[in-house]
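Here's a quick briefing for anyone meeting this structure for the first time. Take a look at the model, then read on.

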Amino acid sequence: MPQPLASPPALSVVTPMYNEREAVDHFVARLRPVLDGLGLAYEVVAVDDGSRDATVARLLQLRADWPQLRVVSLRRNVGHQAALGAGLRSARGDYVVSIDADLQDPPETIGDMLAAAREQGVDVVYGVRTDRSTDTIFKRRTAGIYYWLMRRLVGPWVSDQAGDFRLMSRAVVDVLNGLPEQRPVYRLVVPSLGFSSAEVAYVRAERVAGETKYPLSKMIRLTLDSVTSFSATPLRIATWLGLLSFFICLALVISGLVAWGFGAVVPGWTSLYVAVLLLGGIQLICLGLLGEYIGRIYAAVQNRPQYLIGMDTADEGTGSVEPI
Ligand code: UDP
Ligand code: MG
């Protein structure tokens, strides 16, 4: 556990990093002057999500010159959202900002977020992307489908332009940290809590260095987590599909009986195998859906830790959050 502090910092900046060796210098060089310029006590919680490159070694070097930089290193790669969760639990600030390490979220916006939170007295300030033209077509299309689906399944309060760049008050972070959920999708959970909120617009920049750490497989996993953690609609769709196939088969049986009554011999097996395939397919879809939910229930029952912290530089002493 991190050392308790005499007085917590006013601001924690949480940033998950996975193989960000190439981006980390740029990130620190731009973040530091912004935070120093705010004139308050802060800490930066860099969560190393089991990186296999030299991210941690570089962070530790940078920390020698910047004591407010804390390094929390997870034992293995657990994914962006779980790493974010580790950061939120480690953060000690009155306000907590979550931000990506690749400078796609401009650090300068943090000042605007803090001002909005203080002036308007709100608990959450969302960073809202006004321009995503620097993202690839593939990224924009897949994000478009994701948010379209979430708005329908989860609710209209999911903004299609708010990702994980946001500021939260201590009250919000405490609620998030107390959730028993195994794999919370923060961008959906936070708006669902209904805290007072404001928005700050920003332009989504290009990744400063390196490549995206979100391959298709991780996107699919995020989508499955998002859908199953918020909605039983897919299960309902499965039921409707099952009913539909049942009635189609019933119609086929009746028409077959009628044809038999008229002495007309069914010439082929077409209707038979169509029905078998249709039913088989629908059953497999439904089983798959059930499996997704049951798998999550199983994980929740096992209640294994989502991640293990290998190192937290805050354990070395309280020097990491000295006011400037
Ligand atoms: N990230 C992480 N663990 C992962 C994948 C990504 O901590 O398994 C971090 C990554 O280092 C970055 C943030 O999550 O700070 C967003 O990832 P990325 O920029 O690669 O995603 P994209 O912007 O392409 O969606
Ligand atoms: Mg990015």
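How far apart do the end C-alpha atoms of residues 12-174 lie, and how much of the span is helix and how much strand? Those end atoms lie 14 Å apart, and the span is 45% helix and 24% strand. Helices (H or I, at least four residues) and strands (E, at least two) are DSSP runs, numbered from the N terminus.

This is a predicted model, where local features need pLDDT of at least 70 and side-chain atom pairs count only at pLDDT 80 or more, while totals for chains, interfaces and linings use all residues. Residues are numbered from 1 along each chain as its sequence is written, and chains are lettered from A and ligands numbered from 1 in the order in which they are written.

**What the record says**
- UniProt (unreviewed entry) lists residues 12-174 as "domain: Glycosyltransferase 2-like".
- The UniProt record also puts "transmembrane region" at residues 240-266 and 272-294; its positions use the numbering here, feature names are shortened, and annotations may be inferred rather than shown by experiment.
- Residues 272-294 are 100% helix and 0% strand, with end C-alpha atoms 32 Å apart.

**The sheet**
- There's an open sheet of 8 strands in the order E7-E5-E6-E4-E1-E2-E3-E8, with mixed pairing (two strands pair if DSSP finds at least two bridges between them).
- At the edges sit E7 (197-203) and E8 (309-312), each pairing on one side only.
- E5 (residues 124-131) runs parallel to E7, and 7 bridges join the two; Val125 stands opposite Ala198 in E7.

**Helices**
- Helix H6 (residues 170-177) lies across E4, E5 and E6, at about 115° to E6 (axes are lines fitted to C-alpha atoms, for helices over the stretch in contact, and angles run from 0 to 180 degrees between N-to-C directions).
- The axes of H5 (residues 137-153) and H8 (residues 216-230) come within 10 Å and cross at roughly 5°.
- H5 and H8 are therefore roughly parallel to each other (angles under 35 degrees count as roughly parallel, over 145 as roughly antiparallel, 65 to 115 as roughly perpendicular and the rest as oblique).
- Thr142, Tyr146, Met150 and Leu153 in H5 meet residues of H8, including Met219 and Phe230 (contact means C-beta atoms, placed from the backbone, within 7 Å).

**Around ligand 1**
- 16 residues surround ligand 1, the closest being Pro16, Tyr18, Asp49, Thr212 and Lys213 (near means a C-beta atom, placed from the backbone, within 6 Å).
- E1 and helix H3 (80-90) each supply at least two residues of this shell.

Terms used: Two residues are in contact if their C-beta atoms, placed from the backbone, lie within 7 Å.
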